[in-house]
Amino acid sequence: MELLFVFVLCLFVSSVLLFLHLLFFKNKHSSFVSGGEEPLPPGGSGWPFVGESLEFLSTGWKGHPEKFIYDRLKKFSSPVFRTHLLGEQVAVFCGANGNKFLFSNENKLVQSWWPSSVDKIFPTSAQTSFKKESIRMRKILTNVLKAEALQLYIGIMDRMARRHFAEKWENKQEVTVFPLTKSYTFLLACKIFISVEDPIHVNRFAEPFNVLVSGLISMPIELPGTQFFRAMKASRFLRKELVSIIKQRKIDLSEGKASPTQDILSHMLLTSDENGGFMHEMDVANKILGLLIGGHDTASSACTFVVKYLSELPRIYQGVYKEQIEIANSKGPGEMLNWDDIQKMKYSWNVACEVLRLSPPLQGAFREAMSDFMYNGFSIPKGWKLYWCSSSTHLNPDVFPDPRKFDPSRFEGDGPAPYTFVPFGGGPRMCPGKEYARLEILVFMHHLVTRFRWDKIVPDEEIVVNPIPIPTKGLPIRLYPR
């Protein structure tokens, strides 16, 4: 309760300051743009000072972030509505058409946008623009994380999964899943992204990393005791550690002690822009931090909810087990999983996709309007923030009949219609780590079901979304070894 009070107090104070800034330095929009001919989307600004931020956040804290969206869709009968979140005028785009519009107009009408807390935790050096840096990073990640390149990592993932389950799960009657999946995905990300595998070194990163993630989406008030203050302190520590690794990697690359293709860090250090320039060390460190978050926190949530749903649905568990045990029985002693094995895990991936539909780690993301434009008969002013949300299609009965039912068959054949299943975004901004996540989750599922059956210890454990879905008690389970 004390932490909640501090958070609400900080939110209120920052919102008051922001309101004064907006009052004296920014123009306010009415329901119409100048001239009165082009209406803004229907909606409202919520409470004075704080807008609708508290309701937006609280629906997630209560485990139902989609309520904020569907309440307004019903009220305004419009697939786009306006609100006021995180100190910004926001237009929320809903449905497949809204997703398609935002994804297809990346760097044309819209560009990516993050709250100021993220910008402060991940500052960009003055040597390069954010847009150019993002384009270069996407090029690097697309090459490094494409399916063909990732085939080389399957053996590493398999070896590390074997070690993880041997050390953390086997010979235990009960375990708490979420902390274990966080440990697994973080260790894997450290190995594949920066070739750090030593448990002592990884553990040195783990605690400040978790502090950083907790304060990433928070009010940017750097006062002692606040989440943001702790996150900034953690980011400075991690950045310093990463810069040290980067400097040593440069030396190792020049001396032939490191491979240019051994991990993402080497690729980042050796990839130049069109002018022959290379990324600044601090920018590389920030990008690696961002990748660790993307490759760890979302995957740990997905793996946790795989465990949750398989414990609740014995028939689904049995289908996954049947597929995975056939693969396990086809392997020789000590033989590692390979690309062909992954391709055989079709039912398991359909199950994982249904988990991602019902409990997506990414609830949505923000964009910013680069110019004035019209959408669905409404004017969207330049500078407005735009938000797309997965629940507007994932839980829409017109898109997925009986949307609360767990049904992996939705993903058979051609699967869902375009722009309706969006746990990894879509269009030019499709998450380049999608294939990495697929391999990570499937290798985890393979070792999980071929080793154990399990029951949930807390049958009706509550879920909170802040900003990813997390079981409030970490999902404790009772294990039954096979």
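This report walks through the charged and aromatic side-chain contacts in the model.

## Ground rules

This is a predicted model, where local features need pLDDT of at least 70, side-chain atom pairs count only at pLDDT 80 or more, and totals for chains, interfaces and linings use all residues. Residues are numbered from 1 along each chain as its sequence is written, and side-chain values use heavy atoms, with hydrogens and water left out.

Side chains of opposite charge can pair when their charged atoms come close. Here a salt bridge is a side-chain nitrogen of Lys or Arg within 4 Å of a carboxyl oxygen of Asp or Glu, and counting that way gives 27 salt bridges.

Let's start with K385, which pairs with E88 at 3.4 Å between the closest N and O atoms. E88 sits in strand β2 (residues 88-93) and K385 in strand β8 (residues 385-389), so this contact ties together parts that are 297 residues apart in sequence. (Strands are DSSP runs of E, at least two residues, and helices are runs of H or I, at least four, both numbered from the N terminus.) Both E88 and K385 are buried, meaning under 20% relative accessible area, while exposed is over 50% and partly exposed is in between (1.4 Å probe, protein chains only).

K385 also meets E368 in a salt bridge, at 3.1 Å from N to O. E368 belongs to strand β5 (residues 364-369) and K385 to strand β8, so this pair ties together parts that are 17 residues apart in sequence. K385 has a relative accessible area of 5%, and E368 comes in as buried too, at 18%.

## Other charged contacts

A salt bridge also joins E174 and R478, with 3.6 Å from N to O. E174 is in strand β4 (residues 174-176) and R478 in strand β12 (residues 476-481), so parts that are 304 residues apart in sequence get tied together. How accessible is E174? E174 is partly exposed, at 46% relative accessible area, and R478 is partly exposed as well, at 32%.

## Aromatic pairs

A pair of aromatic rings is described by the distance of the centres and the angle of the planes. Rings of Phe, Tyr and Trp (its six-membered ring) pair if their centres lie within 6.5 Å; planes under 30 degrees apart are stacked, over 60 edge-to-face, and the rest tilted. The whole structure has 22 aromatic pairs. One of them is F93 with Y375, a tilted pair at 4.7 Å centre to centre and 40 degrees between the planes. F93 is in strand β2 and Y375 in strand β6 (residues 373-375), so the pair ties together parts that are 282 residues apart in sequence. Both F93 and Y375 are buried.

W169 and F444 go edge-to-face, at 6.3 Å centre to centre with 70 degrees between the planes. W169 is in the loop between α8 (154-168) and β4, and F444 is in helix α18 (residues 434-451), 275 residues apart, making this a link between distant parts of the chain. W169 is buried at 0% relative accessible area, and F444 is buried at 0%.

## A cluster, and charges over rings

F56, F68, W113, F366 and Y387 make up one aromatic cluster. Within that cluster, F68 has R72 over its face, at 3.7 Å from the ring centre. A charge counts as over a ring if NZ of Lys or CZ of Arg is within 6 Å of the ring centre and within 35 degrees of the ring normal. K308 lies over the face of Y309 as well, at 4.5 Å from the ring centre.
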